Amino acid sequence: MKSKIYIALVSILLIVSCDDFLDQDPITEPLTEIVFTNQEVVQRLIPGAYQPMRWEFVPTFGDSYAMTYIYSDVRSDDVIIENTFNQPHSHEFEIPSILTTTNVNVALIWSKFFTGIARANQIIGGLSTVDETVIPDKELFIAESRFLRAFYYFEAVKNFGEVPLFTETTDVGVIDNIKRKPITEVYAQINSDFRAAIELLPESWEMPTGTQEPSETYRATRGAAQGLLAKAYLYQENWDSAAYFAQEVINSGVYALEENYADNWVLSNEHGIESLFEIAFFNDPSGGSWNAGAQGSLTAQFFFPPFDAPVTGWSYNLTTPELHQAFLDENDLVRLDATILTAGHEFGSQILADQGNDPVTQEFIDSSPAISGGQYGTGFSYALKYFITPEQVQDETTDFVLSPLNHKVLRYSEILLILAEATLNGATGDGQGAFDQVRARAGLPSKPLTLESLKLERRLELATEWNRYYDLLRWGDAASEIEDFVPGREYLPIPQDEIELVGPDTDGSDILTQNIGY
Amino acid sequence: MYLIRRGKKLSFLKTLFMGVLVMSMSQILLAQNRTISGQVIDDESGFGLPGVTVLVKGTTTGVVTDMDGNYAVEASPNDILVFSFVGFETTELAVGQNETLNVTLYTSIQALAEVVVTGYGQTQNRATVSTSVQTIDSKVIKDRPIARLEQAIQGAIPAVVVVKESGSPGAPLTIRMRGVGTAGNATPLILVNGVQVPDMNFINPNDIQGITVLKDAASSAIYGARGGNGVILVETKKGNAKKPRVTFSGYYGVQSLASTGDYLNKQEYAEYFNNSINYMIQQGIDRGGSRGRFSDEEIAALPDVSWIEEISQEAAISDYHVGVSGGDAKTQYFISAGIFDQEGIIGKTDFGRKSLSVDLKTSVNENLDVNLFATYSNNTRSFIAENSENSRLMSSVASLPPIFPVYDENGIPFNNGDRRGVVVNGVELNPQAEFGNPIIGLTVADNKDITNVLYSNTLINWELFDGFTFSNSLGYLKRDILVRNFGARFDWSEQNFVNEINSLAETTVNEEFLQWESYVTYEANLNQNHQLSLMAGTSVLDNESITKSRFGTDFYYNTAEEVNFANIVDNSTEVINNDLAFRNTTLSMYGRAIYNYQEKYLFSATVRRDGSSRFGESQRWGVFPSVSAGWVLSSEPFLAGVKSIELLKLRASWGINGNDRIAPYQYAQRYVRNGSGGVEEQSFNPDVKWESISQTNVGVEANLFNNKVGVTLDWYIKTTDDMLLDFPNPSFLGLPAPTRNAASVKNTGFEGLFLYRDKIGSDFNFNIGLNFGLVKNEITDLGGGLPIVGGTTRVFQGAPALTISQEGSPIASFYGFVMEGLDEAGNPVYKTDENGDPVKEIIGNPYPDLIYGLNIQTNYKNFDFTLFFAGSEGNDVVNASTGYGFAYSNRTKRVLNAWSLDNRNSTVIRPSALEAVNHEFSDYYVEDGSYLRMRNITLGYTLPESILAKLKLENLRFYVSGNNLLTFTDYSGYDPEIGANTSPLDVGIDRGFYPLPKSVMGGFQLTF
């Protein structure tokens, strides 16, 4: 009888002794040590670091939006955000006096920049201890990540002012590292990162044979790093360096102006000759829509007028009558026609023609519910640079909210204007020539380069491309040009939740301080 | 009673009875009587009942029935024979001049049942249980038509909340036991025949013998790391040692919409709209692009559409089940097959289950029993998008004004959202683009879930010597799920509804669950004073899952039935999403001791050590102990004289459980592919560990007045520590929130069960059961984290999160402004802080304070009648079914009493049909979701014996039954019993649920 008991007990004990059974490594989610010992996998981290640029709607903080058009031009005198929809937290950007520190869009905008920064840092940190024999493209990956880090920090410093400065993934545990750093210190890092990127990034990315869309063309190039560095120096009022890197771009011979201004925003001409860097959007439904993984842009949904189906847009961003008038005053009809939807505009769309909207009539624009029923009066219209035709919507997208049209971040014409502005402030270079080149392409005659003419040229050339507000700020013109401007609220507030999550310092004060004015 | 037929129980029981028998031997020899013989029949099966104790009353003389239920005992004519058997009502018969006494034993009523299953081969006499355990037996299940097993528990057990996630056929049910103890997965652990299963969906309710619910820590702690949310043990039917017997049962019924809610009809909507314009004129508000007032002629010309009625229909429900059972002394079997079909009352929804089960038990020899149970079930479900504000489907139904037609004059779905203007019968209407015509969603989308489950369990009991059994159980469950979502191509260009490209998404989930339990039990009945039962064992769990999905657009075929990935036009557009696979393993050791002294002083103790692969090496193992004690006062001499008390027992228990059901690999620094083909780092926490749930329970049980009255009361405090939370990170970490053991939650509750049963005359007997559960939930600690918000909706301004979980408040409380009244213009005035800014506060609790159920069962001659009510008190609901924050949306009837110059005392915000103002989330929108519902009413008739005998039938019963025929509630939406989401943080928000249907059914039960 006893032997039987032993059999039972032994078989029970056998089970207990196999503790290895509990070691289950992830199956479909590779561990860090696997990721950073495999070139192919590291290469897949790169698109993840670009992804936050594409964040437009992410429900992390509620119904929150973080597309650039929600928080940039709407704060200027060029564009309004239409508010017949249920978006008070987007509308707050229009009127800084009511912008709250708990605004869910602000939280997402902050999160978007710092997620991008963190992902770049993850790659830089992960590769720092790996040998080049293991990851042959180690230095290139680091350079590209530094470009991305600089890109996001540039956006962060433009919108939030002083921000915490992270250059490694591991150093966030130290309170001092989380504190906001002076703007000059942030720019120093941006400069250094862009410079490092210039050293190693290629002139262009070719689509490797056999690979599928999306191609590699969206990735940062040397020209993109040079151009953005020139722009960053412009913001720092380091005129000589701005001129130097603008000149580098010009001298490279890679870029030129499109003959036809409007060709910059044609779907078939993405990453064209004039384009230095774009936020790439794809019609790729695998990332879904209305979430952080979306590959398409909501611009079609947000910018389109209420045409009849299949393209009934929301009329969200509207150009102001003041912007329209600025074009007319300068007799700048080429750029006006490409920038603002005006009566007689031809989309070249049979579908819209069948609806009686191609060419578009003034009656259609004026009777749009957003305009006729809106709260701002008349004279508003639509920002054309984000339009594709209904045919393109149908042919190129599976979902109306997955517009594949890229957002232009930096065009060659802006490089010319950076050079012009820098020379106005004492840097050497052919500022007038560059200035005239931009005007000539728009069919406008030469005129003397002055600060005033430069400011107007930037406004018209780059209209609705999300520069105007930051330009007004750095020129000191914001107070005079923007109706609802509130001094002290130039920057967005630091999200209140973020301040609370980071918590208090040893002395009880917040580690992350709020911007004055909030 | 079912328990006795389970193989692994027999050894224990046999031991008990053998003991009784041996002790009686000497007495029998002394008797000077004649022999009485007969057969004891099981009422339920109609077969002989083995193992019944037959005792001459007042003596210790007695025998035990043999395998066929036969007995022979010496007795004198003046004696009374007492037939008793666990799980059956004890019956007494006078011997008189009879030489043969046949008797039928009836199953005893559920809560008075005498034996309870406590898992791992141990059973206990109900009277000696010192933990909080409740049972439901098959009688309660079989007498009314239920579609899913969870419904058997609904309202029948105190403090167990069962809520259907929607009224859609086949929708999952959420079970919450004794409050919500975690913000994560709060579902109780479910075991079928001792094997952990992911849910009960695959089980045909007709195959169930009984359900045992383990509620306190001392009963559930033997399931250690997974028992923290309570444990539900499901036992399936077994065969018996008799000639084959066939049962055939079925019902057929019709379901329909139970309520149309309190929404405005055409006349009322027009009145509200006109009032809104009047208000704007008074206040000088520009009405923008909107149309003006409706004239009477215009109102007359418009249609009056009740959208919920337009999209609903009558739908059939049917269930057929056939079972064959039988066997001989060595081998018994039960084989069954069933077909269940339920059409949905809204759109193309349905649920069907085909199941086949086999239970086979055989005694290899005297000491070795083998029991095999296997079931295969095929479940198909068609469903629609619901409780999603982006689906434009159920959320549109309540929001869409009644003035739009469903179809245009050509029979094409009408487009109410055309922003260029909408004209109906010559009346110009404001376009309502946010809430599309729900007919579109119902007709062009096709969603189907096909789930096949194979489950088997083999149990081997080897009695090594008397009282000592070595058992091995091997459970295996394989579940294959295919979900297909098809969006059809359609062209209703006349109404500007065009979709030129159809799309298909397919997701497959393949899961395997393997469980091996190996344990020994020892029943030591040292003498009559001491009863000891020991058990120790080990467990191995292995769970693997692989999910694959792909998506494609543009297919040749355009119906869900025909379309597949072979007929995609351009296969380069096919997107294969990332596979997701995981494997979880668990190792456990456990032991339990149950002891009583003279069935008067009761003790039990358990300990379990669990190791789980879900945690990193340092946190992998957890130990979960429990103890309980009871005192049967009614066995004490000082109560012996009190005739009205049959049983009075006090009991107390304490124990710690765990909850390990978190996403796998949280401890590992790992990367995952994202949608763009890239790879992203995941958040992780190497220190993540078990949630620990400790529970103290005190209970009283009493059987009074000749067992006519039964009372069970329990008080408990259940505290969750180290609750796993997705702890928000500062954004600069660039990672989503990792899971941390941060929070604590406390649930305190009081629950009770009252039974009253009696007879009036000889033909009428009744049985009334009332149960209730009161619970109070509080988050006691968030570990320094920010309050957790949940339940976002877009229907309020700013699309806020409606619930907050913060220290000192119940989990997932509603959080919003507090409306203090209306200003002189009828706009809401909110409670403010010292700066004059409106402040948000806790304004409601979606979880009920009290749930209760009332069961009334009566029999009169051959008729039986049952009534079953269930109710909920104190749960708040946010009626987010209409678009408050959107212009022109329909509203509930409350707005007819809106503030106006003529109605200044109104508490209803001024009319604002044209504006999206005044619709911040506040207590104004929180409604009392309490309800009392007549869940079931059944009238049955069983044919009398005389007719049955002629028909050569054993039993034939017919019944008619109704579900959800009556509901008492103040809630303004379609159904106060709105579904629960799987997330405990998103509860009580009615974004447009599929309402529960009411149904009327007729059925039969036939046995031959």
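Mentor: Of the 518 residues in chain A, 52% are buried. A residue is buried if 20 or more other C-beta atoms lie within 10 Å of its own, exposed if 12 or fewer, and partly exposed in between, with the C-beta atoms placed from the backbone. The model is a predicted one, in which local features need pLDDT of at least 70 and side-chain atom pairs count only at pLDDT 80 or more, while totals for chains, interfaces and linings use all residues. Residues are numbered from 1 along each chain as its sequence is written, and chains are lettered from A and ligands numbered from 1 in the order in which they are written.

Chain A contains 24 helices and seven strands. These are DSSP runs numbered from the N terminus: helices are H or I with at least four residues, strands are E with at least two. Among the contacts in chain A with a separation of 6 or more, 66% are between residues 24 or more positions apart. Two residues are in contact if their C-beta atoms, placed from the backbone, lie within 7 Å.

Start with the core. The largest nonpolar core holds 140 residues, and F147(A), F194(A) and A230(A) are among those with the most contacts inside it. Such a core is a set of buried Ala, Val, Leu, Ile, Met, Phe, Trp, Tyr and Cys residues joined through C-beta atoms within 7 Å. Helix α6 of chain A, residues 104–128, gives the most to this core, namely 14 residues. Another core, apart from this one, has 91 residues, including Y279(B) and V895(B). As for A230(A), if neighbours within four places in sequence are left aside, its contacts are A242(A), F245(A), A246(A), V249(A), I415(A) and I418(A).

Now helix α6 itself. The axes of α6(A) and α7(A) are 9 Å apart, and the two helices pack at an angle of about 155 degrees. Axes here are lines fitted to C-alpha atoms, for helices over the stretch in contact, and angles run from 0 to 180 degrees between N-to-C directions. α6(A) and α7(A) are therefore roughly antiparallel to each other. The cut-offs are under 35 degrees for roughly parallel, over 145 for roughly antiparallel, 65 to 115 for roughly perpendicular, and oblique for the rest. The crossing of α6(A) past α7(A) is left-handed.

One residue of helix α6 of chain A is I109(A). It has 27 other C-beta atoms within 10 Å, so I109(A) is buried. Leaving aside neighbours within four places in sequence, I109(A) touches A66(A), Y71(A), N159(A) and L492(A). Ten residues along the chain separate I109(A) from L99(A), and their C-alpha atoms are 14 Å apart.

The buried residues of α3(A), which spans residues 39–50, include V42(A), L45(A), I46(A) and Y50(A). Their cover includes α2 (32–35), α6 and α7 (138–160) of chain A, together with β36 (679–681) of chain B.

Helix α20 (residues 431–441) and helix α21 (residues 451–461) of chain A have axes that come within 11 Å and cross at roughly 40 degrees. That angle makes α20(A) oblique to α21(A). Their crossing is left-handed. F435(A), V438(A) and R439(A) make the contact from α20(A), and L454(A), E457(A) and E461(A) from α21(A). Among the buried residues of α20(A) are G431(A), A434(A) and Q437(A). The buried residues of α20(A) pack against α19 (412–424) and α21 of chain A.

Lastly, the backbone around these helices. Most residues other than glycine have a negative phi, and most peptide bonds are trans. G443(A), which follows α20(A), has a positive phi near 75 degrees. W466(A), in the loop between α21 and α22 (468–475) of chain A, is a residue other than glycine with a positive phi, near 70 degrees. W466(A) counts as buried because it has 21 C-beta neighbours inside 10 Å. The peptide bond from D358(A) to P359(A) is cis, with omega near 5 degrees. P359(A) sits in the loop between α15 (350–354) and α16 (362–367) of chain A.

Notes:
A crossing is left-handed if the near helix is turned anticlockwise from the far one by less than a right angle, and right-handed if clockwise.
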